[in-house]
Amino acid sequence: MDERSYLATWQKYMPVIRLHIKRSLTEDQQFKLNITDFESAGDKGKSGYMFNINIEDGKVTNKISTSAVARDLYELLKADEVIRGLFKDKNVKISVGKSFILAIKTTHLSTYR
C-alpha cells in the first residue's frame, strides 16, 4: 500500500485547495488537476485516482482507507488550521472523477441534528 506518496503532490495544491474551500462556502467549486503530478508520485493501484471524501464537522464519514490519494489529501486538510476552521459545522464533499477535476461542495450542518 502506498505510504504517503501523494503528500508532496497535494502540498503543492494546498493554496489553491484552501482558496476553493473558502469559495465553496457560497458556491460549488471545481478545478482541473494535472494528472502527471500524480502519476509521478505513485502507482494508482486498482482504485485509480478517483475518490470521494465526505467530511462532516472536520471528520471523514466515508471509507477512504483504500485510496492513498484521498488519505494523503485528508491528512493535509486536517493539519491545516485555516481549513479546519472552515470545516467547523459544515458538511464538505471533495471528489475527483475520471476527468481529473477536483470538485468541492460545502453545506452547513443543521443545528437540529
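The model is predicted, so local features need pLDDT of at least 70 and side-chain atom pairs count only at pLDDT 80 or more, while totals for chains, interfaces and linings use all residues. Residues are numbered from 1 along each chain as its sequence is written, and side-chain values use heavy atoms, with hydrogens and water left out. Helices (H or I, at least four residues) and strands (E, at least two) are DSSP runs, numbered from the N terminus.

- Five strands form an open sheet in the order 1-5-4-2-3, with antiparallel pairing; two strands pair if DSSP finds at least two bridges between them.
- Strand 1 (29-32) and strand 3 (59-60) are at the edges with a single partner strand each, so one side of each has no neighbour in the sheet.
- Strand 2 (residues 51-56) pairs with strand 3 in the antiparallel sense over two bridges.
- Within this pair, Ile-55 is opposite Val-60 of strand 3.

**Helices on the sheet**
- Helix 1 (residues 7-23) packs on the sheet and touches strand 1, strand 2 and strand 5 (101-108), where contact means heavy atoms within 4.5 Å.
- The direction of helix 1 makes about 155 degrees with that of strand 1; axes are lines fitted to C-alpha atoms, for helices over the stretch in contact, and angles run from 0 to 180 degrees between N-to-C directions.
- Helix 3 (residues 68-79) also packs on the sheet, touching strand 2, strand 3, strand 4 (90-96) and strand 5, and its direction makes about 30 degrees with that of strand 2.

**Helix 1**
- The 17 residues of helix 1 reach 23 Å from first C-alpha to last, close to the expected 24 Å; the expected span is 1.5 Å times one less than the number of residues.
- Helix 1 has a kink of about 55 degrees at Met-14, shortly before the proline Pro-15; the bend is the angle between axes fitted to the seven residues ending at a residue and the seven starting there.
- Buried residues of helix 1 include Trp-10, Tyr-13, Met-14 and Ile-17; buried means under 20% relative accessible area, exposed over 50%, and partly exposed in between (1.4 Å probe, protein chains only).
- Among the elements covering these buried residues are helix 2 (35-41), helix 3 and helix 4.

- Helix 3 has 12 residues and reaches 17 Å from its first C-alpha to its last, close to the expected 16 Å.
- Nine of the 12 residues of helix 3 are buried, including Arg-71, Asp-72 and Tyr-74.
- Asp-80 lies in the loop between helix 3 and helix 4 (81-87) and counts as buried because its relative accessibility is 11%.
- Apart from neighbours within four places in sequence, Asp-80 is in contact with Met-14 and Arg-18.
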